[in-house]
Amino acid sequence: MKIITLCGSTKFKQQFEQTNAFLTLQGNIVISLAFFEQSEGFDITEEQAELLGNLHFRKIDLSDEIFVIDVNGYIGSSTKREIEYAKDKGKTIRYYSAASNARPAQ
């Protein structure tokens with residue numbers, strides 16, 4: 001059993017939900033996002049964006065690895081920072097686009 005934090009753009013809500021279910025059914029503890037501001041049309045302040053970013057770093061601290069939801073290879077600036085943070089912390093990093101055997105069918 002691993003603890004896995006999902007990282008990626010909040011516009012990929014469906015892929016987050018599918019991946020969360022898939023990894024959970026493999027016996028992992030999956031940490032995801034609180035909400036999907038881009039997919040759901042939430043407006044957040046700059047302060048809230050910074051708070052959410054810091055919370056996500058703490059989620060990465062708790063994890064054995066991160067799983068990057070990089071649909072069509074897309075990785076935004078926040079996700080890039082999370083990947084670098086995870087690398088600095090020695091976490092395993094897997095990618096949705098590269099892990100065809102570790103992601104749900106679309």
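Strands β3 and β4 are paired in the parallel sense over four bridges, where strands are DSSP runs of E with at least two residues, helices are runs of H or I with at least four residues, and both are numbered from the N terminus. Two strands are taken to pair if DSSP finds at least two bridges between them. The structure is a predicted model, in which local features need pLDDT of at least 70 and side-chain atom pairs count only at pLDDT 80 or more, while totals for chains, interfaces and linings use all residues. Residues are numbered from 1 along each chain as its sequence is written, and side-chain values use heavy atoms, with hydrogens and water left out.

The open sheet as a whole consists of four strands in the order β2-β1-β3-β4, with parallel pairing. Its edge strands, each pairing on one side only, are β2 (29-31) and β4. From one strand to the next, the twist averages 25 degrees. Five parallel bridges join β1 and β3, and Gly-8 has Ile-69 of β3 as its bridge partner. Three parallel bridges join β1 and β2, with Ile-4 partnered by Val-30 of β2.

Helix α3 lies across β1, β2 and β3 and runs at about 145 degrees to β1. Axes are lines fitted to C-alpha atoms, for helices over the stretch in contact, and angles run from 0 to 180 degrees between N-to-C directions.

Strand β3 is mostly covered, five of its five residues being buried; buried denotes under 20% relative accessible area, exposed over 50%, and partly exposed in between (1.4 Å probe, protein chains only). Both faces are covered, with Glu-65, Phe-67 and Ile-69 on one side and Ile-66 and Val-68 on the other. Phe-67 has a relative accessible area of 0%.

The largest nonpolar core has 13 residues, of which Leu-6, Phe-16, Leu-23, Phe-67 and Ile-69 touch the most other members. A nonpolar core is a set of buried Ala, Val, Leu, Ile, Met, Phe, Trp, Tyr and Cys residues joined through side-chain atoms within 4.5 Å. A second, separate core of eight residues includes Cys-7, Phe-57, Ile-66 and Val-68.

Helix α4 (residues 77-88) has twelve residues and reaches 17 Å from its first C-alpha to its last, close to the expected 16 Å, a span given by 1.5 Å times one less than the number of residues. Its buried residues are Thr-79, Glu-82, Ile-83, Tyr-85 and Ala-86. These residues lie on the same side of α4 because they cover an arc of only 160 degrees around the axis, the arc being that of the directions from the helix axis to the C-beta atoms. Their cover includes β1 (3-8), α3 (46-62), β3 (65-69) and β4 (92-95).

In the loop between β3 and α4, Asn-72 has a positive phi near 55 degrees. Asn-72 is exposed, at 81% relative accessibility. Just after α4, Gly-90 takes a positive phi of about 75 degrees.

Conventions
Contact means heavy atoms within 4.5 Å.
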